[in-house]
Amino acid sequence: MLAKRPMGQGAASKKYDVLTALGAHACGGSKFEQRLVLRFMTAITARYNWQRDELTMGRAELARLWQVDERTVKRELAKLKTAGWVYIKRPAARGRVTTYAIDWERVLYDTRSSWKSVGPDFELRLASMGKHHDLTPETNHKVVAFPTPKQTEGGTEWDQALSLLYRDDPVFHGNWLVQVKRSGLRHGILELEAPSGFHANYLNTHAIARMTRAVQEFAPEVHRVFISSS
């Protein structure tokens with residue numbers, strides 16, 4: 001993949017490629033994902049320092065760029081950090097705003113399913129960037145490793161679905177699902193509980209379809225999954 005960021009020979013074309021990957025990924029996503037990725041790309045093109053691998057922008061500046069309020073900026077940055085796309089390189093200090101870095105390996109890993117939409121040459125080119133990597137996210141300071149869920153015969157449909165979701169995407173499981181608890185099953189509706197309203201809203205908006213499919217593998221009678229907050 002990209003060792004850290006597009007630099008050296010062919011760097012300019014690599015920059016276009018990763019931005020294209022992001023754009024294609026957004027086009028295939030929900031309107032909420034499209035808006036988040038558009039804001040992310042706009043911050044990159046406006047203020048990202050490719051040479052130093054730094055995005056240095058305060059909330060006020062981002063709010064002005066994205067034409068939103070600072071509460072929205074805080075919410076969007078939280079989503080990007082939870083996804084593992086950005087992480088804090090230097091925290092804010094007196095007279096200095098927070099400096100972020102971008103985990104390009106994570107970005108490309110998450111957008112890989114959209115490469116083919118651009119074309120076979122593009123897919124081959126991005127795959128060749130990772131010829132020394134297996135295109136799976138690394139366990140490092142940016143992504144917290146979580147234990148593999150135990151698979152037991154006596155587990156609920158949600159326990160079994162969690163095991164399946166972990167196998168499909170352990171990083172998503174660790175970031176979003178490990179704290180989600182089963183609340184109950186009533187009239188074919190599986191009720192789950194997330195630790196916060198933001199957490200519940202994100203899952204209901206971005207992940208409910210894949211969560212429902214996983215549950216239905218073990219409980220076909222479930223026709224809906226709903227997440228509330230504690």
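Welcome to a predicted model, in which local features need pLDDT of at least 70, side-chain atom pairs count only at pLDDT 80 or more, and totals for chains, interfaces and linings use all residues. Residues are numbered from 1 along each chain as its sequence is written, and side-chain values use heavy atoms, leaving out hydrogens and water.

**The chain as a whole**
- You will find 11 helices and 7 strands here; these are DSSP runs numbered from the N terminus, with helices being H or I of at least four residues and strands E of at least two.
- Of the 230 residues, 42% count as buried, meaning under 20% relative accessible area with a 1.4 Å probe, protein chains only.

**Aromatic pairs**
- The structure holds 7 aromatic pairs: rings of Phe, Tyr and Trp (its six-membered ring) with centres within 6.5 Å, stacked if the planes are under 30 degrees apart, edge-to-face if over 60 and tilted for the rest.
- One of them is the edge-to-face pair of Y48 and W50, at 4.8 Å centre to centre and 80° between the planes.
- Y48 is buried at 7% relative accessibility, and W50 is buried at 13%.
- W176 and Y202 are stacked, with 3.9 Å centre to centre and 5° between the planes.
- This pair links distant parts of the chain, 26 residues apart: W176 belongs to helix α9 (residues 170–177) and Y202 to helix α10 (residues 197–206).
- Both W176 and Y202 are buried.

Definitions and conventions
Buried means under 20% relative accessible area, exposed over 50%, partly exposed in between (1.4 Å probe, protein chains only).
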